[in-house]
Amino acid sequence: MNKEWLRRTIRSFEPYVVPEIKEHTVINANESPYNIFDFPEVKAEFLARLSETPSYHYPDPFAEELRAALAEYVACRPEEVLVGCGGDEIISIIANTFLNEGDTVLVHGPTFDIYGIDAQIVGAKVVEIPDLPGFTRDRKSFLQAVRELKPKLTVLCNPNNPTGELLPLSFLEEVLQASPNPVVVDEAYIEFAGSDSIITKLADYDNLIVIRTLSKAFGLAGVRVGYAVAQKDVIDALSLVKLVYNVGNLAQIAALAAMKYRDVILAHNIPPTIAAREYLAAELKQIDGVTVYDSVTNFVLIRVPDGPAVVNALKKADICVRFYKAAALQNCLRITVTTRDVVQRVVEVIRKEVGHA
């Protein structure tokens, strides 16, 4: 194909390739180990709704019933919620709503790479403030960049993926106050953090956009439901570029079933995940040569002396984890926290491999 046909901003892009996974224990994508359809009441609710949903009808374009349920969950008004096909679609919608070619998007690094990819697709310039040693955010430099650059979009992942650090609401408010433009706070992992959401400050900031998802704490990664929370005018603006039928009937039904029994699901999923995370971090910290970065999410980032060797040792043990090529994350592995038995297997392999290094 003639590359001149392509949009100029993507001509240098490499295809996104998902590595072939042969292992049976897959803990590389921060997925939940829990299936909501294993909850009898959730399964019954889903099937009851499914039986009343004709396949020949298009879905509700704005998923109004789900919108109301999500609004109740995060304590805002339904008109302050926009439902999307996962958090990834919400990021794309935000980029396509606010960014022109040449605009500046401010992020820190390392962070979730989709923010930068979507910004580059529309021709925006990405400015990255490197994290301090230990993967703590450089708050002073970041805030200074907000004031000096006045970026068209400022993005903070909180807690951050892949490092797991949580920023206090007070700093997020400093950024919101300093920016004359939209500030995006991605809270995909907030349910694991045990802290307040910045959504509690929504009424105070007309430039705040919060991204949430049902992929992590609710275990609905395969269903693809994410949502944006912002003041009504911002949600109306985001709706201008949303695909008309972006969330299918099955996804809406599954999410509604999850929302109806959200207290049951979260009470089941969150405490054991946090306990397993703390156990994993504590065990790995006892291994000489392993650096463990504090996390309040459902994953733990570690640095080892020889990353490829540890990844291969885990592969031999039938375990797949996330490994990075970026220089800042050299020899770092991101380990999704699932169940205690999986955590114990991971610790055993790393202790054996690094101990022999």
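What follows is a short exchange about salt bridges and a nonpolar patch.

Modeller: This is a predicted model, in which local features need pLDDT of at least 70 and side-chain atom pairs count only at pLDDT 80 or more, while totals for chains, interfaces and linings use all residues. Residues are numbered from 1 along each chain as its sequence is written, and side-chain values use heavy atoms, with hydrogens and water left out.

Biologist: How many salt bridges does the structure hold?

Modeller: A salt bridge here is a side-chain nitrogen of Lys or Arg within 4 Å of a carboxyl oxygen of Asp or Glu. One of them joins Glu23 and Lys315, at 3.2 Å from N to O. The structure holds 20 salt bridges.

Biologist: Is Glu45 buried or exposed?

Modeller: Buried means under 20% relative accessible area, exposed over 50%, and partly exposed in between (1.4 Å probe, protein chains only). Glu45 has 14% relative accessibility, so Glu45 counts as buried.

Biologist: Which residues do salt bridges with shared partners join to Glu45 in one network?

Modeller: The side chains of Glu45 and Arg49 meet in a salt bridge of 2.9 Å, N to O. Arg49 also forms a salt bridge with Glu65, with the closest N and O atoms 2.9 Å apart. Through shared partners, the network joins Glu45 with Arg49, Glu65 and Lys260.

Biologist: What is the relative accessible area of Leu250, and is Leu250 buried or exposed?

Modeller: Leu250 forms a nonpolar patch on the surface with Leu47 and Leu50. Patches are made of residues with over 30% relative accessible area and no salt bridge, like charges being joined within 9 Å and nonpolar side chains (Val, Leu, Ile, Met, Phe, Trp, Tyr) within 5 Å. Leu250 is exposed, its relative accessible area being 53%.

Definitions and conventions:
Accessible areas come from the Shrake-Rupley method with a 1.4 Å probe; for residues, only the protein chains shown count as cover.
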